[in-house]
Amino acid sequence: MTQASLKITEIFYSLQGESTTVGLPTVFVRLTGCPLRCCYCDSEYAFYGGERLSLNVILEKVASYNPRYICVTGGEPLAQRECLKLLTLLCDAGYQVSLETSGALAVDAVDPRVIKVMDLKTPGSGEVARNRWENIPVLTPQDQIKFVICSREDYEWARFKLDEFALAEKVSDVLFSPSFGQIQPLELAEWILADNLKVRFQLQLHKLLWNDVPGH
Ligand code: SF4
């Protein structure tokens with residue numbers, strides 16, 4: 001039994017809305033707090049508040065859904081040190097675990113069994129200076145990199161980074177996602193095809209189904 005605890009905004013069961021496990025029933029553990037302020041953030045309600053729960057209670061709540069997939073998200077989950085312990089305990093319990101992280105904090109101490117879905121923040125996010133480029137060599141072939149694209153300029157920037165770091169060869173998938181309400185998804189889809197990019201286009205399924213209401 002462990003006494004460690006984390007500030008938690010919500011634990012809920014829904015369909016995975018993003019990444020390569022999109023559509024799979026998943027338990028989400030949303031940790032409270034984030035040191036970034038991306039202009040398109042859709043989880044500002046997780047910046048403050050939350051409830052302090054012991055890791056044992058978190059594990060019990062997760063288990064009550066009898067899930068196969070767990071997604072630890074935020075906020076920025078790695079901003080709380082005990083997140084690393086939670087990730088390991090979830091893997092030990094036999095779940096397939098993914099971590100959604102901003103790319104601004106070090107990922108080298110994350111349990112290697114965890115699939116890291118790491119953002120690279122574009123200029124349009126307002127947080128490009130926070131990218132921790134040292135994280136890229138730490139990523140493994142099971143991990144994913146996500147760009148949220150706000151404009152054509154962001155697209156060009158992302159395309160450049162794709163080449164510069166040979167990202168498509170480094171991780172299982174590079175995800176290009178249109179920033180909701182900033183560019184048309186169809187525009188982004190057509191740019192990707194025109195340039196024959198080795199990336200995966202994605203829309204956020206939970207926004208289409210539930211209009212981004214917390215708890216889904
Ligand atoms: S890193 Fe994520 S949670 Fe934090 S401000 Fe950016 S989009 Fe929001």
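What covers the buried residues of helix 3? Before getting to that, keep in mind that what you have on screen is a predicted model.

Start with helix 3 itself. It runs over residues 152-164, so to speak a 13-residue stretch, and reaches 18 Å from its first C-alpha to its last, close to the 18 Å expected at 1.5 Å a residue. Its buried residues are Asp154, Tyr155, Ala158 and Leu162. These four cover an arc of only 100 degrees around the axis, which puts them on the same side of helix 3. As for the opening question, the cover over the buried residues includes strand 7 (144-149), helix 4 (167-170), strand 8 (173-178) and helix 5 (185-195). After helix 3 comes Ala166, with a positive phi near 45 degrees.

Just after helix 2, Gly94 has a positive phi, about 95 degrees.

Now for the annotated positions. An unreviewed UniProt entry gives a "binding site" feature at Leu15, Gln16, Gly17, Arg30 and Thr73. They span 59 residues in sequence, yet no two of their C-alpha atoms are more than 14.4 Å apart, so they gather at one spot. Gln16 sits in the loop between strand 1 (5-15) and strand 2 (25-31). It has 18 C-beta neighbours inside 10 Å, so Gln16 counts as partly exposed. Setting aside neighbours within four places in sequence, Gln16 is in contact with Thr21, Val22, Gly23, Leu24, Thr26, Tyr69 and Cys71. Thr73 belongs to strand 4 (residues 69-73). Is Thr73 buried or exposed? Thr73 is buried, because 21 other C-beta atoms lie within 10 Å and the cut-off for burial is 20 or more. Leaving out residues up to four places away in sequence, Thr73 touches Phe28, Arg30 and Glu100. Arg30, you'll recall, is one of the positions in that "binding site" feature from UniProt.

The unreviewed UniProt entry also lists "binding site" for Tyr40, Cys41, Asp42 and Gly75. These are spread over 36 residues of sequence but cluster in space, with a largest C-alpha distance of 12.9 Å. Cys41 is in the loop between strand 2 and strand 3 (51-54), and Asp42 is in the loop between strand 2 and strand 3 as well. Cys41 has 17 C-beta neighbours inside 10 Å and counts as partly exposed; Asp42, with 15 inside 10 Å, counts as partly exposed too.

That brings us to the ligand. Which residues are around it? They are Cys34, Leu36, Arg37, Cys38, Cys41, Ser43, Gly74, Gly75, Glu76 and Ser102.

The unreviewed UniProt entry has "domain: Radical SAM core" at residues 21-212. That span is 28% helix and 21% strand, and its end C-alpha atoms lie 18 Å apart. Val213 lies in the segment after helix 6 (205-210). Val213 counts as exposed, because it has 9 C-beta neighbours inside 10 Å. From Val213 to Thr20 is 193 residues in sequence and 22 Å in space, C-alpha to C-alpha.

Last stop: Ser172, in the loop between helix 4 and strand 8. With 16 C-beta neighbours inside 10 Å, Ser172 counts as partly exposed. Not counting residues up to four places away in sequence, Ser172 touches Thr20, Pro141, Gln142, Asp143 and Gln144. Ser172 and Ser98 are 74 residues apart in sequence and 13 Å apart in space, C-alpha to C-alpha.

Note on methods
Residues are numbered from 1 along each chain as its sequence is written. This is a predicted model: local features need pLDDT of at least 70, side-chain atom pairs count only at pLDDT 80 or more; totals for chains, interfaces and linings use all residues. Helices (H or I, at least four residues) and strands (E, at least two) are DSSP runs, numbered from the N terminus. A residue is buried if 20 or more other C-beta atoms lie within 10 Å of its own, exposed if 12 or fewer, and partly exposed in between; C-beta atoms are placed from the backbone. A residue is near a molecule or strand if its C-beta atom, placed from the backbone, lies within 6 Å of it. UniProt positions are given in the numbering used here, feature names are shortened, and annotations may be inferred rather than shown by experiment. The expected span of a helix is 1.5 Å times one less than its number of residues. The arc is that of the directions from the helix axis to the C-beta atoms. Two residues are in contact if their C-beta atoms, placed from the backbone, lie within 7 Å.
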